[in-house]
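Student: Please show me the model. I would like to go through it by question and answer.
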Amino acid sequence: MALMRSYAPQIITSLLLSVTLFIYFIPETFINVGPGERAVLWKRFFGGTVTEKVYGEGLQIIFPWDELYVYDVRLQETERSMTVLTDEGLMATLLVSIRFAPDKALLGLLHRDVGPEYMDKVVIPEVEATVRKAVGALSSEELYTRSRDVIQDAVVLALEETAQNYVNVDDVIIRRITLPEPVQTAIELKIEQQHVADSFVFRLRTARQEAERKRIEAQGFADYNTIISETLTDDMLIWEGVRATETIAGSDNAKVIIMGNGKEGLPVILSAE
């Protein structure tokens with residue numbers, strides 16, 4: 001007991017030191033990986049970045065001299081304003097929205113070869129270069145009127161380019177295109193004039209079709225009258241008159257008196273009123 005009492009200060013000091021060191025290294029040893037996150041381990045003494053293993057969500061325990069780098073692997077979105085040149089050399093400003101996420105399986109390689117700043121180092125430069133290339137092949141008018149085509153081309157090319165850098169680009173959307181005001185005004189005026197011209201052509205085509213319809217209709221009436229005039233005789237006229245008289249006489253709402261025949265042999269019809 002005397003011996004233990006003599007070593008008690010050293011034992012207590014050692015325990016306090018151990019507890020202090022344990023508490024001090026807790027943040028370096030127990031790492032929490034949150035929802036939608038993955039982590040990459042860097043070993044100080046045994047080979048550096050571990051590229052073959054990606055650490056998942058939850059509590060991860062490492063040696064205090066190693067480091068665990070946590071990445072957000074959910075779909076992310078960033079907007080950038082880009083100044084590009086059209087085919088004629090005119091300057092245009094595009095507001096571009098980029099949706100992207102790092103490839104989970106290649107996160108170790110991404111960390112080793114690019115690092116946590118991969119958005120600024122890989123995603124934005126690749127997409128910007130792709131958009132510049134797509135816009136540079138279009139005139140100002142085509143850019144203003146065919147933005148959907150530009151978007152689609154930029155998306156396809158961006159996906160192909162950034163896939164080589166461990167990042168998946170989900171979509172690239174050009175939200176706004178701004179041209180120099182005089183150029184934009186001239187394009188809008190041209191488009192408006194084109195609509196007026198198209199409207200005039202449509203009305204002219206409609207008028208021609210209506211005129212052709214009326215001509216065909218008139219020709220039909222002419223043919224009909226020709227046929228009737230060639231086949232209509234006096235006897236047929238008398239017969240048609242008799243049929244009309246019978247129809248009128250049989251009407252419930254009409255009372256008629258038939259008195260002899262007219263000059264042309266047709267009955268004379270007088271109203272009872």
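Tutor: Start with Q60: its side chain reaches the backbone oxygen of G56 at 3.3 Å. That is a polar contact (N or O atoms within 3.5 Å; within protein, one must be able to donate a hydrogen and the other to accept it, and residues adjacent in sequence count only if both atoms are side-chain atoms). This is a predicted model: local features need pLDDT of at least 70, side-chain atom pairs count only at pLDDT 80 or more, and totals for chains, interfaces and linings use all residues. Residues are numbered from 1 along each chain as its sequence is written, and side-chain values use heavy atoms, with hydrogens and water left out.

Student: Which residues does Q60 touch, not counting residues up to four places away in sequence?
Tutor: Contact means heavy atoms within 4.5 Å. By that rule, Q60 touches T29, F30, I31, V33, Y55 and L68.

Student: How many bridges join strand β6 to strand β7?
Tutor: Two strands pair if DSSP finds at least two bridges between them. Strands β6 (residues 76-85) and β7 (residues 91-102) run antiparallel. S81 stands opposite L95 in β7. The number of bridges joining β6 to β7 is 10.

Student: Which residue in the hairpin of β6 and β7 takes a positive phi?
Tutor: The hairpin has five residues between the strands. The positive phi there is near 85 degrees, and the residue is G89.

Student: Which side chain meets E77 in a salt bridge?
Tutor: A salt bridge is a side-chain nitrogen of Lys or Arg within 4 Å of a carboxyl oxygen of Asp or Glu. The E77 pair meets at 3.8 Å, N to O, and its partner is R99. E77 lies in strand β6 and R99 in strand β7, so the pair ties together parts 22 residues apart in sequence. E77 is partly exposed at 43% relative accessibility, and its partner is R99.

Student: How far apart are the closest N and O atoms of E128 and R132?
Tutor: E128 and R132 are four residues apart in helix α3 (residues 118-136), separated by about one helical turn. E128 is partly exposed at 23%, and R132 is partly exposed at 37%. Their salt bridge has its closest N and O atoms at 2.6 Å.

How values were computed:
Helix = DSSP H or I, 4+ residues; strand = E, 2+ residues; numbered from the N terminus. Buried < 20%, exposed > 50% of the residue type's maximum accessible area, 1.4 Å probe, protein only.
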